[in-house]
Amino acid sequence: STPSNSSAASDVYKRQPTYGIFVKEQEIAVCKEYPDVEYTIAFIDGSKSKKEYINSIFRIHRLIKENSFDVIHIHYGFSGLFLLFKKLAKKIPILVTLHGGDIQSEQGKNVQVFFTKLILKKTSAAITLNSRMDSIVRQYIKNTQIIPCSVNTDLFKPQEQPIVNTRPKQVKIIFPSDRTRYVKNYPLFEKTIYLLKSKYNIDCTTFEVKNISRQQVVSLYQNADLMIMTSISEGSPQVVKEAMACNLPVISTNVGDVSVLLDGVKDSGVSLDMNAESLAKLAFLAIHHKIDGISGREKIFQMQLDDKSIARKIYNMYLSLIQSNHYDAI
C-alpha cells in the first residue's frame, strides 16, 4: 500500500484517530489475504474542508496518468468528483463503495447525493451496504453488490475473563458516536436514558465513542453492558458489528441493515418506532436478559462479516472488473 499523500493522512489521524479507519482496515484486510493486491491511496481530507474534494480532481487525474492501475476503487461517492470534470487518460474499471450519507438523502447531504448520482453513471460497478441503498443505486448502475465493511474479529472479541464485581451493579451504556453529529440523534439517546432511570429504575452511566484509539474502543465494548444506537440513518454501522463481535448487546433504531444484523441475537433488538419509549423498553429487557438468541459474535461469523470473508468478496469484484475490462479491450 502506497499513500500518495501520506503526510496529509497522518496529520488527520493525529487529530481524529478514527477518521477513515474503516476504509483503512478494509485495505489492510484485503492485502493480508491477497498479497498480489497493491493499493496507492489518494487521500482526500474531507474533514478539513469540502473544498478538498474539488482540490483532489486534478491531483487524482495526474496520479492515474502517471501509473498503471488495474482498478480504481472509490470510497464514498463524493470522492469520485474527478470523474465528472475530465475524461480519464486511460480506460480503467471503476468501482465505488457508497457509505450511506453519499446516497441516502435523509442524512441531509443533498448536494453530495446529487453529485453521487452523476458519478455512479461514470462507474463500472458499485458496492452498497444494505438492500435499501442497493435499490437506490440500481436506478443509476446495474452492476451492484451488497458488501458491508467487515469486522476485525481478532481485535474485537469478548473479554477472556470477565471481572467479577461484588458491588451493586451500575449498568454501563454506550452512545456509539460523537453526540454533536446530527444524524446520530443524541437527543433521542438522552430521552431513552432518562426513561431507563425514571421509569425502569435502572442505575446507569453512559459513555460516548469519540476520539479514542481502536484498542480503547475494544476495551470500552468489553466492559460495557449495552449499546443504544439512536441514529436517524445508517448504512451498515460498524459500531454495531464491532459490538456484536465483542458480544455486547445492542438496542437500535431501525436504520441501515441493523434489523438484519440483530435478528435473532441475544439481548439485542430493533425498535420499529423511533421513540424513547420503545427503545427504553427494549433496553430494559436486554439488561435483564429477557431476549433470547445466539451471541452477537456467532451471528457475525454466520453472516460472513469477518475480515477474511469480506476481503474475498472485494477481491473477487476486482478480478471480475479486470477480466471484463480485458475482454472490452479485445
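Two exercises with worked solutions follow, on a predicted model.

Residues are numbered from 1 along each chain as its sequence is written. Local features need pLDDT of at least 70, side-chain atom pairs count only at pLDDT 80 or more, and totals for chains, interfaces and linings use all residues, while side-chain values use heavy atoms, without hydrogens and water.

**Exercise 1.** Describe how helices H8 and H9 pack.

Solution.
- Step 1. Two packed helices are described by the angle between their axes and the distance between the axes.
- Step 2. H8 covers residues 214-223 and H9 residues 238-245; helices are DSSP runs of H or I with at least four residues, numbered from the N terminus.
- Step 3. The angle is about 60 degrees and the axes are 9 Å apart. Axes are lines fitted to C-alpha atoms over the stretch in contact, and angles run from 0 to 180 degrees between N-to-C directions.
- Step 4. H8 and H9 are therefore oblique to each other (under 35 degrees is roughly parallel, over 145 roughly antiparallel, 65 to 115 roughly perpendicular, the rest oblique).
- Step 5. Arg-214, Val-217 and Tyr-221 of H8 meet Val-239, Glu-242 and Ala-243 of H9, where contact means heavy atoms within 4.5 Å.

**Exercise 2.** What percentage of the 330 residues in the protein chain is buried, and what are the spans of its C-alpha trace?

Solution.
- Step 1. Buried residues account for 49% of the 330 (buried means under 20% relative accessible area, with a 1.4 Å probe and protein chains only).
- Step 2. Along the principal axes, the C-alpha trace spans about 70 × 40 × 35 Å.
- Step 3. Among contacts between residues at least 6 apart in sequence, 64% join residues at least 24 apart.

Technical notes
Helix = DSSP H or I, 4+ residues; strand = E, 2+ residues; numbered from the N terminus. Buried < 20%, exposed > 50% of the residue type's maximum accessible area, 1.4 Å probe, protein only.
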